[in-house]
Amino acid sequence: MKAAGQVHHFQACDLIMARTSAESFTFENSAEFSALEIHVPSLLLEQMQIEHLPRIQRRSLELQDPALKTAKQLFDYLRTIPAVQSPEALVGYGLAMTMLGYAFTAQKTARSQLTAKTIHGLESARKALLARLDQAPTIPQLAALCDLSPTRFKELFSRQYGCGPYTLYQSHRMEYARSLLERLNVTETAMELGYSNVSHFSAAFQRKFGYLPSRVKQLHSCK
């Protein structure tokens, strides 16, 4: 996710709390991505006496996480209002239960926090991986950037970015292919991306988007 000039990488079981605003943001995700969004008006949070949420807060939840503190505030608030199921109470209860659910689900698979050095190394590897979409670096080359063994690198890369290195590479490669196909033909695009076999490129593109690359110009002209 890119917002306010910053890039945020999410992984499974992350909980993101953020204040919305009029500014735009972009979000890139894999085909397997799914998320639950809960939108709560700021006025309602004020009525519930909930502390203002940060602009963007990303946590891999553990029992000491601030999300539990927020859930506790919500439950404390719910005890002070009538038992009648008002819309306000239902929203508060739903938000509190969602946060608790995320917290305890993540606790079952709690992972040690990555060090700043490791995170920096993984980000360097990610940038190197996507620097050229016609030839991917090898896993040992990427692992060396992080001072990790190839096996450990793949494990930590998946933890940090939610998928393996080559899955991420191929996803970006196909997105780039789709943009190239608006001005190049299929063969030219395949060559630009380092494919020696056009049929292999077409098959990979169809797996990603569900249609052949030859349809891109047609779909683009219909917009």
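1. Start with Arg126, which is found in helix α4. The model is predicted. Is Arg126 buried or exposed? Arg126 has a relative accessible area of 15%. The cut-off for buried is under 20%, so Arg126 counts as buried. Its side chain makes a polar contact of 2.8 Å with the side chain of Glu123. Leaving aside residues up to four places away in sequence, Arg126 touches His9, Phe157, Tyr161 and Leu168.

2. Now the overall layout. The protein has 10 helices and 4 strands. From the N terminus, the elements run β-β-β-α-β-α-α-α-α-α-α-α-α-α. Of its 223 residues, 35% count as buried. The protein exposes about 14100 Å², and carbon and sulfur atoms supply 55% of that area. Take the contacts between residues at least 6 apart in sequence: 65% of them join residues at least 24 apart.

3. Next, the nonpolar core. In soluble globular proteins, nonpolar side chains tend to be buried together. The largest nonpolar core here has 32 residues. Which of them touch the most other members? They are Leu122, Phe153, Phe201 and Phe205. Two or more core residues come from each of α4 (116–131), α5 (139–146), α6 (150–161), α7 (165–180), α8 (186–192) and α9. Helix α7 gives the largest share, 5 residues.

4. What does Phe153 touch, not counting residues up to four places away in sequence? The list is Leu122, Ala125, Ile139, Leu142, Ala143, Cys146, Leu148 and Pro165. Four of these names return in the next point.

5. Helix α5 comes next. Its buried residues are Ile139, Leu142, Ala143 and Cys146. Viewed down the axis of α5, they fall within an arc of 100°, so they line one face of the helix. These buried residues pack against α4, α6 and α7. Just after α5, Asp147 has a positive phi of about 60°.

6. Then the aromatic pairs. A pair of aromatic rings is described by the distance of the centres and the angle of the planes. How many aromatic pairs does a search of the whole structure find? The total is 7. In one of them, Phe201 and Phe205 sit 6.0 Å apart, centre to centre, with 55° between the planes. That pair is tilted. Both residues lie in helix α9 (residues 198–209). They are 4 residues apart, about one turn of the helix.

7. Phe205 and Phe209 are separated by about one helical turn, because they are 4 residues apart in helix α9. Phe209 is buried too, as is Phe205.

8. Which residues do the ring pairs link into a cluster? The members are Tyr195, Phe201, Phe205, Phe209 and Tyr211. Two of these names, Phe201 and Phe205, are also among the core residues that touch the most other members.

Methods: Residues are numbered from 1 along each chain as its sequence is written. This is a predicted model: local features need pLDDT of at least 70, side-chain atom pairs count only at pLDDT 80 or more; totals for chains, interfaces and linings use all residues. Side-chain values use heavy atoms; hydrogens and water are left out. Rings of Phe, Tyr and Trp (its six-membered ring) pair if their centres lie within 6.5 Å; planes under 30 degrees apart count as stacked, over 60 as edge-to-face and the rest as tilted. Buried means under 20% relative accessible area, exposed over 50%, partly exposed in between (1.4 Å probe, protein chains only). A nonpolar core is a set of buried Ala, Val, Leu, Ile, Met, Phe, Trp, Tyr and Cys residues joined through side-chain atoms within 4.5 Å. Contact means heavy atoms within 4.5 Å. The arc is that of the directions from the helix axis to the C-beta atoms. Accessible areas come from the Shrake-Rupley method with a 1.4 Å probe; for residues, only the protein chains shown count as cover. A polar contact is a pair of N or O atoms within 3.5 Å; within protein, one must be able to donate a hydrogen and the other to accept it, and residues adjacent in sequence count only if both atoms are side-chain atoms.
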